[in-house]
Amino acid sequence: MRTPSPNDAAHVQALLHALAATAAPPSGDTLPEARYRELYWQGRITDDDLAAAFGTDPDCQTEPLSASAPSRQAVCRIALLFDLSALNPCQLAWHIEERAAFRHIQADVPTAVRRQLLAAEPEAPMLQALWAALVEMLEIPDGATDPDTRDEGTGGFIHTELRQLADTELTRLLATLGSTASLRDVVQALSGTDLKTLVDGHLRQVCTALAAAPGAWGARGQVAEGYGTWRLLARQDAGLFLQQLPDWQDIIAQLPDTAIAAIVWQLHSLDIPPRQWAAYLRHLSQELPLLPGLNPASATVLADTLAIRLTLDRLWLNQVCHDLWKIEVNAHALQSYFQKNLSEFWVRLHLYQGGLPEYLSQQAEALIIRSGSERQCRPDWQHLADVLVLRQRRLVRSPAPGDSVWRLFRLCQHLGLTARQVQGWTKTDLSALLGLLDALPLTVRATLWHAADRHHYQQALAAQPNLPHTALTPLHIIHSDSYANGLLATLIRPAAASSTLLGRAGLAHGIGRYLSAMLAAPLVLAQLLAECLGVLPNPLFSVSTEADIDRLAQWLTAQGLAQTTANKILLLTANADSPEETHRLKLLVTQLNRPETRHLLQARGIFLSADTWFLVASYDTMTGLLAWHGLETLASLV
C-alpha cells in the first residue's frame, strides 16, 4: 500500500468537483440497446422511425458509400439491429469451431435474407468464399502455411511463447484500470465472479434508506451525512451482511471520518496509481447504478457515494481474492501473484472470456475445481495453457480478421451479399464500410434509438383528434423499464403519519428505515409483492409531507426532468392488460400535473412549466394498440 500524501485529499476533492461539473444529466428516458432491439422486433419501433432518426445524423444519410456499395442507412440499420462488434482471436476461434461460422449462415440473419443467400450458392462454400474474398481484398497476410502454425508439441518453445504472451496480456489488463475497467472488472475477468449485482444492490439499498432523510445527501444546503450515516450503520452491521467477509471489522473500524479521506484511503489500499485516479473515479461514477437521492452534479453527493462504493468493492473483492489466491485485493498483489503463475492467468482469462470450445472449457473448469490455483498441479496448468496457445496459433491467421474481416463478414450476410458481389467493390469501399461502423459506437447508437423511439410515440400522439401537432413537441418518454427498479414504489405508497422529516429527525428516520429493511426484508418484500399483485389496497399517492416531495424530486431528477423543456412527458408501460399498474401511473401523473405539487417542487430545483403535461400510455404487445389516459384533459387545454 502506498503512503498517502498530505495533498491527496485536495487532489481528490478537485477531481470530484471536475466530475460533478461535467456530469451528464440523468437520462431516465433511455434504455439499454438490447431493450430497444426488443421493442423493434415487437413493432414498437419501426423502420420509418429508424429512418427519421437517421435523418438527424450526417453519417446515416441515404446516399451509398460508392456506386457499388450499399447505402449508409442500410448499413446503419443493421448496425443498430445486430451486434457487429469485433472479436479477439480466441472469440473468433470459438465462433469458427463451436458455432460453425464457415459452414452455417449467422443465426440472427432474418429468414428472407437467409433464403436469398441460399438461393445463390450452397451454404458452406458460399461462406468460405466470402471470408476468403474479404481477407484478400483487405490484403491481410494468410498465415495458413506459416511454419509457426505447426503443432510443435507442448515443449519449451511453446511455453516460452506462452509466458511472453501472458505477461504482455497481464500488463495490458492492469493498464485498463480507470480507462475502461475497475479492479472489480479485473477480478471478474480472472475469476468469473460477478460482484456488480451484489455491490450495486447493496449500494441501492443504502441510498434508498438514506433518501428518506432529506439531509443525508446534502439536499438544499444541509450538512451531508450520507457517508457518515452509512459508516455508523456498517460498524453496527445491522443486517449481518458483513459477517462472511474477511477483515471486515478492521476495514470498517479504520474508515476515516470524511468521504474524501475514505476515497483517498481506499485508492491507496487498492494500489491504484495517483496518475490513474482521475480516470478511475470517472469510470466508477459512470457505472454507478440509478440511485434514489443521487445527484451526479453535486460533488458532495458524489464523494459520499463513491466512498461507500469503493469500500463495498474492497470488502467483497477481498473475499474473492482471499478464497482463490490467498492474497489481498490490490493491483500490486494481483500482478505479483499472476507473474509467478502465468499459466493460470492464461487459462483463467480465456475461460472467462467465453471463447473456448466446450471440451477445453470443461478441462479448465475441472482443473480449477481440482487445484484452485497454480500452486497446486503446476504441470497440468502449464500443459493446458500451452494447448490454448497452440490452438490460437492454429486457427487464427492474424489478429486482423477478428477486428475487421469478422465485422464485414457478418455485415455482408445481413445485407444478403455473396463473394461474387463483394468482389465488385474496392478496398476503399471496404474501408469506408469499416469507417461507418466505427462511427456508430454505443453512445451514437443510443442517441439514434432514442430518437426513433420518440418519433414513434410522437406520431401516435399527433394522430389523436383535437390535439395540435405543435403542442406535442418536444416529447420526453419514460419507459416502464425506467421505474421498474422500485422508484415508483417509493412514490405511490400509504401516506406517512408524520408531516415533518427534516434535520436530525429525518436522519434518525432514515436509520430506522434502514434497520427495518435489513431486519424485516422478507416481510417487506411480501408486502410489496402483495401490493403489486393487487392483494392489498393501493392507496392514493400522498404529497403531504416534506419526505414525499423529496422523493418525488429525486425521482424526477433521476429521469432527467429537473430542468426539462419538454411539452409532453409520456409514462409508457407495455402492460395494457394490467389495470393496477395503469392506475398507479394515473395517480402519479395526476399529482405531477397539479399546480400545488409543482410549486412545492420548485423549492427542490425542479421547474416544470405550465406548458408541461404528464401523460400515461399503455401498450398492448398482442394487438399493437396504444391506450391513452389523460388526453381529454389535455385536449381542453391546447
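Author: What follows is a set of questions about labels, each answered from a value and a definition.

Author: The model is predicted, so local features need pLDDT of at least 70 and side-chain atom pairs count only at pLDDT 80 or more, while totals for chains, interfaces and linings use all residues. Residues are numbered from 1 along each chain as its sequence is written, and side-chain values use heavy atoms, with hydrogens and water left out.

Reader: What makes up the count of helices and strands in the protein chain?

Author: The protein chain has 31 helices and 4 strands, where helices (H or I, at least four residues) and strands (E, at least two) are DSSP runs numbered from the N terminus.

Reader: Why are helix 2 and helix 4 called roughly perpendicular?

Author: The axes of helix 2 (residues 33–41) and helix 4 (residues 72–81) cross at roughly 110 degrees and come within 9 Å. Axes are lines fitted to C-alpha atoms, for helices over the stretch in contact, and angles run from 0 to 180 degrees between N-to-C directions. Angles under 35 degrees count as roughly parallel, over 145 as roughly antiparallel, 65 to 115 as roughly perpendicular and the rest as oblique; helix 2 and helix 4 are therefore roughly perpendicular to each other.

Reader: Which residues make that contact between helix 2 and helix 4, and how do they divide by class?

Author: With contact meaning heavy atoms within 4.5 Å, helix 2 contributes E33, R37, Y40 and W41, and helix 4 contributes R77, A79, L80 and L81. By class there are 5 nonpolar, no polar and 3 charged residues, since Ala, Val, Leu, Ile, Met, Phe, Trp, Tyr, Cys and Pro count as nonpolar, Asp, Glu, Lys and Arg as charged, and the others, Gly among them, as polar.

Reader: What makes A100 buried, and what is its phi?

Author: Buried means under 20% relative accessible area, exposed over 50%, and partly exposed in between (1.4 Å probe, protein chains only); A100, at 6% relative accessibility, therefore counts as buried. A100 is in the loop between helix 5 (89–97) and helix 6 (111–120), and its phi is near 50 degrees, a positive value in a residue other than glycine. Most residues other than glycine have a negative phi.

Reader: How do you know whether C377 is buried, exposed or partly exposed?

Author: The relative accessible area of C377 is 30%, so C377 is partly exposed. C377 lies in the loop between helix 18 (358–371) and helix 19 (378–395), and its phi, near 60 degrees, is positive in a residue other than glycine.

Reader: How many disulfides does the structure hold, and are C60 and C321 buried or exposed?

Author: The structure holds 0 disulfides, a disulfide being a pair of cysteine sulfur atoms within 2.5 Å. C60 is buried, at a relative accessible area of 0%, and C321 is likewise buried, at 0%.
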